[in-house]
Amino acid sequence: MKKNIKPHSLEAWLAFFRPKTLWIAAAPVLVGTGLALAFDGKCNFWIFLLTLLGAMTIQAMSNMVNDYAYNVRKAERSDRVGIPRATTEGWISMDAAKKMIGAMIVLACLFGIALIVIGGWAIALIAFLSILCGYCYMGGPKPIAYTPFGEFLVFLFYGLFAVGGTFWLQTLSFNILVLIPGTALGLIGAAVLFINNYRDVEHDLSVGRRTLAAVVGKKVGVFVYSCMIYIPFIIVGWLSIANHSYWPFLFVLLALPRASFLPSILKKTQQADITFLMLRTIKLEVLFALLLTIAGIGVFYLTWPLGSLSASTIFAIPF
């Protein structure tokens with residue numbers, strides 16, 4: 001049942017921003033910072049804060065562009081069962097939405113410039129591609145949302161690039177081991193988008209959207225979703241086995257009981273009720289990220305001399 005929300009109220013703007021999804025952007029920043037501690041013994045609070053705000057701003061921008069562009073394309077019909085979109089429902093006018101998107105792009109660029117000063121050309125490339133893909137997901141003449149490649153981009157940008165980019169900002173170096181937790185987190189992030197599209201398969205096909213869920217179908221979709229949920233535990237577990245000093249990464253197994261129920265729930269849940277499963281997948285990603293971050297801190301205390309990270313280092317201004 002759709003809500004009766006007053007236009008341009010706080011509740012209307014929150015529906016436009018979709019703040020619950022900001023956790024998806026925050027998770028890889030936490031993990032990348034934890035890995036910087038684990039593998040390089042470094043952490044700077046101000047860099048962490050700037051990275052976090054930049055990532056969340058891009059996520060909010062992407063949410064708003066998605067909402068706005070759906071309305072422009074008239075790509076939503078009455079049979080859609082997902083979370084209502086603010087512009088489609090008339091809660092936010094198209095003019096106000098367009099201005100807010102412009103403001104958010106400017107804000108994302110400001111955070112991006114600050115991070116580029118710190119991280120150089122590598123961060124410039126990631127920031128540019130992040131803003132571009134955040135816009136192109138539903139904007140532009142050929143939206144990524146109409147193709148099966150949305151999950152792959154989530155895997156790259158919310159996994160490998162976000163975790164690796166955060167690590168680079170903290171250490172100004174690259175460690176190939178960062179790709180393992182980055183892959184794990186990226187797969188769970190992709191599962192969030194996949195389950196969202198899985199819920200709307202019939203509607204999406206009716207408006208010409210050929211998402212990954214639409215291409216593989218519902219039966220194979222359960223298998224694909226299961227792989228995205230279980231493989232992260234396998235590869236992070238392998239990291240712990242390959243180097244015994246990294247045993248704290250086994251903490252992620254604490255999230256396995258929560259994860260193990262999700263594929264079976266998908267098989268039994270009616271299409272109209274899948275939104276709650278998507279939210280549980282987001283919660284799994286956040287829990288997985290928190291456990292990876294705690295593991296990184298644990299590895300730091302096992303690997304690096306106590307006291308090697310002083311308060312003056314953590315809170316030093318990075319410019």
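Arg209 and Asp204 are both buried, a class defined by a relative accessible area under 20%, with exposed meaning over 50% and partly exposed in between (1.4 Å probe, protein chains only). These two residues also form a salt bridge, in which the closest N and O atoms are 3.4 Å apart. The term salt bridge denotes a side-chain nitrogen of Lys or Arg within 4 Å of a carboxyl oxygen of Asp or Glu. The structure is a predicted model, in which local features need pLDDT of at least 70 and side-chain atom pairs count only at pLDDT 80 or more, while totals for chains, interfaces and linings use all residues. Residues are numbered from 1 along each chain as its sequence is written, and side-chain values use heavy atoms, with hydrogens and water left out.

Five salt bridges are counted by this rule. One of the pairs joins Lys218 to Glu202, with an N to O distance of 3.3 Å. This pair links distant parts of the chain, 16 residues apart: Lys218 belongs to helix H10 (residues 212-242) and Glu202 to helix H9 (residues 201-206). Helices (H or I, at least four residues) and strands (E, at least two) are DSSP runs, numbered from the N terminus. Lys218 is partly exposed, at 31% relative accessible area, and Glu202 is likewise partly exposed, at 41%. A salt bridge is also found between Lys42 and Asp40, whose closest N and O atoms lie 3.5 Å apart. Lys42 has a relative accessible area of 37% and is therefore partly exposed; Asp40, at 21%, is partly exposed as well.

The surface also carries a nonpolar patch formed by Trp46, Val106, Leu107, Leu110, Ile113, Val117, Phe315, Ile317 and Phe319, which together have about 930 Å² of accessible area. Patches consist of residues with over 30% relative accessible area and no salt bridge, like charges being joined within 9 Å and nonpolar side chains (Val, Leu, Ile, Met, Phe, Trp, Tyr) within 5 Å. Accessible areas come from the Shrake-Rupley method with a 1.4 Å probe; for residues, only the protein chains shown count as cover. Helix H5 (residues 94-119) supplies the largest share of the patch, five residues. Phe315 is located in the segment after helix H14 (311-314) and is partly exposed, with a relative accessible area of 48%.

Helix H5 also contains Ile116, which is partly exposed at 30% relative accessible area. Apart from neighbours within four places in sequence, Ile116 is in contact (heavy atoms within 4.5 Å) with Ile123 and Ala124. Between Ile116 and Tyr135, 19 residues apart in sequence, the C-alpha to C-alpha distance is 20 Å.
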